[in-house]
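Dear colleague,

Please find below the structure that I am handing over to you. My findings follow directly after it.

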Amino acid sequence: MKIAIGNDHAGTEYKLAIVGLLKSLQIEVQNYGTDGSDSVDYPDFVHPVASDVATNKVDKGIIICGSGNGASMTANKHQKVRCALCWTKEIVQLAREHNDANILSLPARFISLPQALEMVKTFLETEFEGGRHERRIEKIPCS
């Protein structure tokens with residue numbers, strides 16, 4: 001499995017911990033995020049993640065910013081991306097099962113680091129249910 005990850009300055013600590021988790025699980029990581037705390041613009045780090053997901057260069061993506069909103073809005077501009085802004089592992093599970101979310105957006109300023117790591121595990125372990133949900137997903141893209 002290969003995961004692309006991107007973050008702004010608000011998500012650096014979380015990104016570093018998540019990368020450690022992913023590597024411990026033998027998952028290859030493409031890191032597009034900043035490693036510093038200086039203010040940066042999240043679209044610069046989110047667009048490459050979304051592009052890699054949309055073109056199947058990676059299996060999934062994880063993006064992190066302060067609220068998760070800006071990062072999610074940016075990622076969802078890409079066709080074939082279904083980015084879910086989540087703040088509990090239960091929402092992550094539903095986003096995977098019902099929406100086949102392929103990017104997880106985390107709000108670093110509103111969840112704890114242990115919560116974020118649990119959410120990432122749930123994102124990786126939960127399968128898409130298909131069935132009636134497949135029909136709905138096919139209706140998402142605009143023509």
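Gln26, which comes after helix α1, has a positive phi, near 65 degrees. Helices here are DSSP runs of H or I with at least four residues, strands are runs of E with at least two, and both are numbered from the N terminus. The model is predicted, so to speak of local features requires pLDDT of at least 70, side-chain atom pairs count only at pLDDT 80 or more, and totals for chains, interfaces and linings use all residues. Residues are numbered from 1 along each chain as its sequence is written, and side-chain values use heavy atoms, leaving out hydrogens and water.

Helix α1 itself covers residues 12–24 and spans 18 Å from its first C-alpha to its last, close to the expected 18 Å; that expectation is 1.5 Å times one less than the number of residues. Its buried residues include Tyr14, Ile18 and Leu22, where buried means under 20% relative accessible area with a 1.4 Å probe, protein chains only. An α-helix has 3.6 residues a turn, so residues three or four places apart point the same way. The buried residues of α1 pack against β1 (2–7), β2 (28–31), β3 (60–65), β5 (103–107) and α5 (113–125), a contact being heavy atoms within 4.5 Å.

As for the whole protein, six helices and five strands are present, in the order β-α-β-α-β-α-β-α-β-α-α. Of its 143 residues, 48% are buried. Among contacts with a separation of 6 or more, 68% join residues 24 or more positions apart.

Yours sincerely

Key
Buried means under 20% relative accessible area, exposed over 50%, partly exposed in between (1.4 Å probe, protein chains only).
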